[in-house]
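Let's walk through this structure together, one topic at a time. Keep the picture open beside you as you read.

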Amino acid sequence: MTTTQTPEQAQRQRLHPLSPLLHGAKTLFVIIAALSWQTLNRLGLVHFAFVVGAVAVGAVIFSAVGWWNTGYQLVARELRISDGLLFRRNRAIPLDRLQSVELRRPLLAQLTGLAELRLEVVGGNKAEAPLAYLTVREASALREQLLALSGRTAAAATPATADPAAGVPASTPLLAVRNRDLLISQLLTPQAFLLPVGVAFVITQFVMEGSWTFIGIASTVTAMAGVLLQPIRRVLRDWSFRLARDPGGRLMLHYGLTETRSQVVPLHRVQAVRITWPFLWRLNSWLYLQLDVAGYETPDRGNDTGSDRLLPVGDQHAARFLVGTVLPGVDLAALATSPPPARVRWLHPIGLRFMGVGLHQDVLVTRQGRLAREMTLVPYARLQSVRVVQGPLQRLLGVATVYADAAGARSGAARDRDVAEAWALAEELARRAREARRAAPDGQISPAAVPATTPVPSAAPVPPTALPPAAALPPTGALPPTGAFLPPAAGFPPPPVASPQPSVGQTGDDAFWQRPPQA
Amino acid sequence: MPTAVDALQPWPDTVQWRPVSPKLITVDLIGLAVWQVILVAGLVTGWLLAGGWGWLAGIAAVLLLGVWRATVAVRGVRAWGYAERDNDLMVRHGLLVKRLTIVPYARMQYVDVTAGPIERAFGLATVQLHTAAAASDARVPGLPPEEAARLRDRLTALGEDRAEGL
C-alpha cells in the first residue's frame, strides 16, 4: 500500500491464485451463451449440465496453467509481463508511455475482493496487458506506483504529494451523477422507445401462433435482449458515476454496478473532449461528455465496452465545470463557432447551422451533427498532425475539410470550409500547436497551472450557484483578432482574448447551444 | 511542377514543393498491369470454358478500367509532393480526393523506409512518418534511395531534437 518509489522491485510476481477460477467462470459463461437455448432443448437438461460441467473443468484447468505461466515485475521504469502457454510472450511496457490506468471489478471479482488492472499504453490499439486478477489492495498500490513512475520530470513532485503518510491519498470529489438522471436519460434513447414495440411484437406473435413453449420464449427474449438492452447495460455500467481529483491533479473516475471501474487519468493525457447532445435528451437539455486518451480503441457505434466516459449524463453547468477542469482555461459557454459558407447547403441541406469551427485560446472547437449535436475540443498542445482533405464534390463548391488529429481516436474536423479559409486554418493550427508545445514542452499541464479557483463543490451534483450564468456568449466579431490571424473575409470568430468577462448576454442556454452565432 | 491542382498548392510563394520521382509512374503501372493480367487471364479461362458474351464484356470492362486507372496513376504520381519546412513536413497527394498532411517534426514517433520488389528494381523507396495519431498519414513514395535516406536522417535528427512525449 505504500507508494514509496522503489525503483526496482525485481522479483516476478504472480496474479492472485483465484484468477483461474474467475477466468474459468468467464469462459464458461461465454460458452453457455454460445450453446444457446436450442442446444439445451435438443440435449435435455442432464446432458446439457454434463457438457457444461466438462467445459467448466476444462476451462479452469486451462486457466490454471495460464496462471502458472503468467507473471509481472516492475524493473526500473518498465513493467514486464510474461504470459502464454504455447507461445511465451514477454512484454516490456515503458511506463513513460502509460496513458491511463483502470481498475475493473466485474461481478465475480467484487464477490471475491479482486480487481483487474488495465493499462492504456500509446501505440497499442487495445488496452495493453490486463492484469487479471489482483487483490484490490495490490491493484491500487500497483496503480499508484505505475502512475508515479510514469510521471515525467515535471511531474516528479507528484508522488511526493500523493502519499501523505500512508493510506489512500485524499482526493477532492468533483461531481457525482444522480442515478435517477442516469435512468431517465437511458429511457430517453431510441432503444428504450423501441422496447415496448418489440415486446408487443413478440407477444402478438405468440398469441397468433399459440406456441407457448418455454424454449421459444426464452430464445426470443435473449435475441431481443442483445439489441434492446443496451440502455440497461449503459445504466449498469455508469451507475453511481463519481468523479474526483487526486492531490496530483489527476482525474479519478469511478462507476459501475455489476462491474465497477475506477480509472485514473492524468490531465495531461487528455487528447480531446467530445460533448454530445442526443436528440431526445434536449427535453432536459442534457448532454454527455467523452474523454479521449491516447490508446483508446476507436469507438464503434453501439460498442459500450470502452471507458471513455467523462460524464454519462449531465446538464450544461456540470459540463461547463468539467470541461473547465479537464482543459483548464476553457469555458464551454464561451466557445463560439462560425458556420461554413452558405453554398455548402448543397452538401448538407439540413444541418448547416449546426456545423462550425472556432479557434479559441487553447483549444480548437468543432461542431457537427443534426439530430445528435456534437462538439469536439482538441487542445492545440495535443495536436499530432493537421490534414486538409478535399473530395470531388467539395472541389466543385470550392470547400475543403480540415482535420486536427490528436493521439486519441477522435479528430477535430472542420468540415467544408472555404478553401482559402481551410488553408489559413491549417496554417494557423500548425502555428498554434507549435506555440502551445513550446509553452509546455513536456505537453504537460503542471498541477500548479490548474486553476485553484475552480469551484470544487463538496456536495454533488454541482450546484448551479457555484457558477456564473452560463449564457456568456462573447459578441462575435466584437473582439479584435489577435495578430495576423486570418483574412477578415474568412469570417472566423476571433479567439476570445484572455478570458473574456462574461458579458451578460441574455441568450438562453438552449438558444446558445442550438444556434451558432452567425458571423 | 505546374499541375492543375490548385487546391493542393497552398502558399505557393513560401512553400517549395518537391515532386516524387517520375519513375514511380512506371512502378505503379507495372503493379497495375500485374493485376490486369491476372484478372484478364481469369476471365479468358472462364470464357474458354463456359463461353458466352458476359465474359467478353467483363474483359472489356476490366481493360477499360485499366486504361482509366493508368491515366489516374500517371496524374496521381504528379500530384504527389512533399515539402520540408522549418517545423513540419507537408505531404500532399490525391487526385479525386485531395489530401494534404502537415506533421510537425516534434510529433514524429518513428520513420519507416520501405521498398517493395518492383520499387527496388527501379531504385525507389517509400518514406513513411508515424505519429501517435492513427489518422495522420504522411507517406512519401517514389523517392530515390539517397533522397529517402537523406529525408529519413533529417527527420530522425529533427525528431530527436524536438522530441517529446504526448
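In strand E17 of chain A, A:Thr376 is the bridge partner of A:Thr366. Strands here are DSSP runs marked E with at least two residues, helices are runs marked H or I with at least four, and both are numbered from the N terminus. The model is a predicted one, where local features need pLDDT of at least 70 and side-chain atom pairs count only at pLDDT 80 or more, while totals for chains, interfaces and linings use all residues. Residues are numbered from 1 along each chain as its sequence is written, with chains lettered from A and ligands numbered from 1 in the order in which they are written.

**The sheet in chain A**

- Strand E16 (residues 363–368) and strand E17 (residues 373–379) of chain A run antiparallel and are joined by six bridges; two strands pair if DSSP finds at least two bridges between them.
- An open sheet of six strands in chain A has the order E14-E13-E12-E17-E16-E15, with antiparallel pairing.
- Strand E14 (309–314) and strand E15 (356–359) of chain A are the edge strands, each pairing on one side only.

**The two domains of chain B**

- Chain B has domain 1 (23–76) and domain 2 (81–161), with bounds from an automatic or database domain assignment.
- The centres of these two domains of chain B, taken over C-alpha atoms, are 30 Å apart.
- Nine residues of domain 1 of chain B are in contact with seven residues of domain 2 of chain B, contact meaning that C-beta atoms, placed from the backbone, lie within 7 Å.
- On the side of domain 1 of chain B that touches domain 2 of chain B, helix H1 (23–50) and helix H2 (53–79) of chain B each supply at least two residues.

Technical notes. Two residues are in contact if their C-beta atoms, placed from the backbone, lie within 7 Å.
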